[in-house]
Amino acid sequence: MMRQLVVTVAPHEAELASDALWGLGVVAVEERHVADGIELWTSLGDADSVDLPWPWRFVEVEEAVADTWRQFATPIWVEGDLVVRPAWVPFEAPAGVTVLSIEPGATFGMGDHPTTRLTLAAARDSVTPGCSVLDVGCGSAVLAIGSLLFGAGSAVGIDIAPAAVPVAEANALANGVRVDVSTTPLEELAGEFDLVLANILAPALVALAPHLRRVLAPGGTLVVSGILEYAHAHVLRALEPLQVVRTDTLDGWAAVTLR
Ligand SMILES: C[S@@+](CC[C@H](N)C(=O)[O-])C[C@H]1O[C@@H](n2cnc3c(N)ncnc32)[C@H](O)[C@@H]1O
């Protein structure tokens with residue numbers, strides 16, 4: 001049996017609630033229309049409670065039912081030569097295509113969310129040979145693993161969700177790289193990194209801003225995502241004096257590269 005989180009919302013709040021669940025790191029959300037609104041069904045690893053402004057409950061379901069979404073997962077073309085493949089979906093990579101194989105378990109980071117795709121593409125353009133990378137809110141570690149495949153020399157991943165640690169480590173191994181993964185809070189993380197990637201929601205980015213700046217090596221690059229295309233000026237203000245060097249957008253989301 002497996003535990004599912006069910007959140008009940010009014011139809012006009014479904015998108016907002018889905019975004020909030022996404023911020024908690026869930027991997028897939030199924031919408032079910034019920035008499036009193038919409039139920040959002042998802043899996044949240046081992047968490048015992050959640051902090052959400054909508055009624056929620058946990059429900060035990062057969063594992064096969066909870067995993068229905070897996071049947072529909074497909075490889076994601078991030079760019080013309082970059083694919084994130086669900087580990088259980090066969091994929092014949094054409095020559096010259098970089099393929100990341102990801103088993104998300106109960107974490108976020110299949111590569112299908114616009115913010116993951118945007119951050120991965122920005123990371124590829126920011127990686128320099130042998131550089132050090134920090135993936136803040138690593139989930140499946142898709143961004144850290146991608147950075148290593150693009151030529152980074154080392155990668156550290158941190159996430160507040162304990163489920164991310166074994167999943168990220170296993171994904172790194174499956175892709176032939178090593179990511180140092182832990183639940184160390186960014187506030188307590190020592191060291192500096194040439195490239196810092198943070199795909200987490202705007203309020204978390206604002207709260208973490210002083211530490212995102214602190215762990216960035218002089219002249220280093222920070223890529224933030226999880227922010228909305230038309231509502232992220234406050235995040236950039238919190239990150240000053242870092243300057244925007246590039247903004248990429250997809251489906252209403254943005255990834256911003258700063259130096
Ligand atoms: C949207 S997911 C991103 C996952 C993956 N990096 C990607 O790009 O697909 C956000 C992740 O950030 C984690 N997270 C949220 N707040 C955090 C914080 N303050 N410190 C570290 N991780 C955090 C969540 O647990 C979740 O795994």
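View 1. The model is predicted: local features need pLDDT of at least 70 and side-chain atom pairs count only at pLDDT 80 or more, whereas totals for chains, interfaces and linings use all residues. Residues are numbered from 1 along each chain as its sequence is written, and side-chain values use heavy atoms, with hydrogens and water left out.

View 2. A polar contact here is a pair of N or O atoms within 3.5 Å. From C138, a backbone N or O atom lies 3.4 Å from a nitrogen atom of the ligand. The protein buries 91% of the 600 Å² that the ligand exposes when taken alone (Shrake-Rupley method, 1.4 Å probe).

View 3. An open sheet with antiparallel pairing is formed by four strands in the order 2-3-1-4; strands pair if DSSP finds at least two bridges between them. Helices (H or I, at least four residues) and strands (E, at least two) are DSSP runs, numbered from the N terminus. At the edges, strand 2 (29–34) and strand 4 (56–61) each pair on one side only. Five bridges join strand 1 (residues 2–9) to strand 3 (residues 37–42) in the antiparallel sense, with T8 opposite E39 of strand 3. Helix 1 (residues 14–23) packs on this sheet and touches strand 1, strand 2 and strand 3, its direction making about 15 degrees with that of strand 3. Contact means heavy atoms within 4.5 Å; axes are lines fitted to C-alpha atoms, for helices over the stretch in contact, and angles run from 0 to 180 degrees between N-to-C directions.

View 4. Three strands in the order 5-6-7 form an open sheet of mixed pairing. Strand 5 (76–79) and strand 7 (98–102) are its edge strands. Strand 6 (residues 82–86) pairs with strand 7 in the parallel sense over five bridges, and L82 stands opposite T98 in strand 7. Helix 4 (residues 114–126) lies across strand 5, strand 6 and strand 7 at about 40 degrees to strand 5. Helix 5 (residues 142–149) lies across strand 6 and strand 7, at about 150 degrees to strand 7.

Note on methods: Polar contact = N/O pair within 3.5 Å; in protein donor to acceptor, adjacent residues only side chain to side chain.
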